[in-house]
Amino acid sequence: MSFINYSSREINCKIVYYGPGLCGKTTNLQHIYSKTNPDLKGKMISLATETERTLFFDFLPLNLGQIRGFKTRFHLYTVPGQVFYDASRKLILKGVDGVVFVADSQIERMEANLESLDNLHINLKDQGYDLKNIAYVVQLNKRDLPNSAPLDELTASLNPTSVPQFEACANTGQGVFETLKAVAKGVLSNLNKAGG
Amino acid sequence: MFDTQLVMLEDDYQKVSAVIERLVRDANAKGVFLVDKSGQLVAEAGNMVGIDTTSLASLTAGCIAATGGLAKIVGEEEFPIHFHQGQRDNLHITLIGSRMILVVVFGEQSSLGLVRLRVKKAGTELAKIFEEIKKKAEANAGSADSPFSEITDEDIDNLFSD
């Protein structure tokens, strides 16, 4: 969970982008990286295969500015989406404060979305977490594609508890920062509830 | 394991820093880093100027997590000590308690034996300090005495205003 350092007056939080293979988790991070002021971001690390598929994780540290005199630092991670990397996915959820579920809106990826969402629940449970207790938002990515499923259908299947949801096109950046803002807000609100 | 957030007060931080600064000297190390298993850098000592400590922390945590997963596959609980040998510099990584990772970077001016010896002592001291921090956190759980108990939506919106 979050790490609050009173000595350096910093809050560190961990956000994980989860979702099926090729849904755009890495693209989300790449967009955030490309549009963020260099002073506010660290180096983006991608542990990927030669074909640029995420092998272990992508990592992007981000400073969002000060809140109540504390610097807020967010560490954004993605998981490898491909089904057979499940052991790695589980590990990346360690110490998570917020989760973004990135869904692929294409109608033929519906099953992959559902499988990944189910996998998220199982892996969180294995680590002793429950989605109800951590900041959680859903991003419906690839809304620009002609074969994307209707919004209400996706919402009904992937967001039954009506958590904050965003339509996105990570390639162009549409909806990317809105998603990040919502999950960061959720994480900070939870700090508030935790009472330090 | 991560059921409570880690809150480090000034005096805890000073205690931790004192231990790892001494470890740098005793082990003749280039740098010592203390990392949370979730990938956050908790403290650092030594003179490795310009090194990307944020990435170091997240990759260390990833490495520990991956080998921890391997340990379970072969029927071990964890592999508590890791050693990576390089051409010039080496990494010695140890688990401290259930939550912390101690990373020592050392070169030719030191040796694996010396590092292991010094890490053992420092590790015990650090484990004790973090046990106290944990107890303190549990005792204070639920108290509203936090700078974040009054965060407003406006505060959060301001972070994203530019």
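My entries follow, beginning with the ground rules.

**Ground rules.** I am working with a predicted model, in which local features need pLDDT of at least 70 and side-chain atom pairs count only at pLDDT 80 or more, while totals for chains, interfaces and linings use all residues. Residues are numbered from 1 along each chain as its sequence is written, and chains are lettered from A and ligands numbered from 1 in the order in which they are written.

**Chain B overall.** I looked up the secondary structure, where helices (H or I, at least four residues) and strands (E, at least two) are DSSP runs numbered from the N terminus, and chain B has four helices and six strands. Along the sequence they follow the pattern β-α-β-β-α-β-β-β-α-α. Of the 162 residues of chain B, 37% count as buried; a residue is buried if 20 or more other C-beta atoms lie within 10 Å of its own, exposed if 12 or fewer, and partly exposed in between, with C-beta atoms placed from the backbone.

I then followed strand S2 (residues 31-36) of chain B, which is joined to S3(B) by five bridges and runs antiparallel to S3(B); two strands pair if DSSP finds at least two bridges between them. The bridge partner of B:Val35 in S3(B) is B:Leu41. Four residues lie between the two strands of this hairpin, and B:Gly39 in the turn has a positive phi of about 105°. Six of the six residues of S3(B) (residues 41-46) are buried, so this strand is largely enclosed by the rest of the structure.

I checked B:Val104 for contacts (C-beta atoms, placed from the backbone, within 7 Å) and, leaving aside neighbours within four places in sequence, found B:Ala27, B:Ala29, B:Val32, B:His92, B:Val115 and B:Val119.

**Contact between the chains.** Chain A gives 36 residues to the contact and chain B gives 38 residues. On the side of chain A that touches chain B, the largest share, seven residues, comes from S4(A). Three bridges join S1(A) to strand S1 (residues 6-8) of chain B, and these strands run parallel; A:Ile4 has B:Val7 as its bridge partner there.

**Helix H3 of chain A.** Which residues of H3(A) are buried? I listed A:Asn113, A:Ser116, A:Leu117, A:Leu120 and A:Leu124. Seen down the helix axis, these buried residues fall within an arc of 100°, so they line one face of H3(A); the arc is that of the directions from the helix axis to the C-beta atoms. On the other side, A:Glu111, A:Glu115, A:Asp118, A:Ile122, A:Lys125 and A:Asp126 are exposed. What covers the buried residues includes S2, strand S6 (98-104) and helix H4 (151-158) of chain A. A:Gly128, with a positive phi near 85°, follows H3(A).

**Strand S7 of chain A.** I ended on strand S7 (residues 135-141) of chain A, where seven of its seven residues are buried. S6(A) pairs with S7(A) in the parallel sense over seven bridges, and A:Phe101 stands opposite A:Val138 in S7(A).

Notes:
Contact = placed C-beta atoms within 7 Å.
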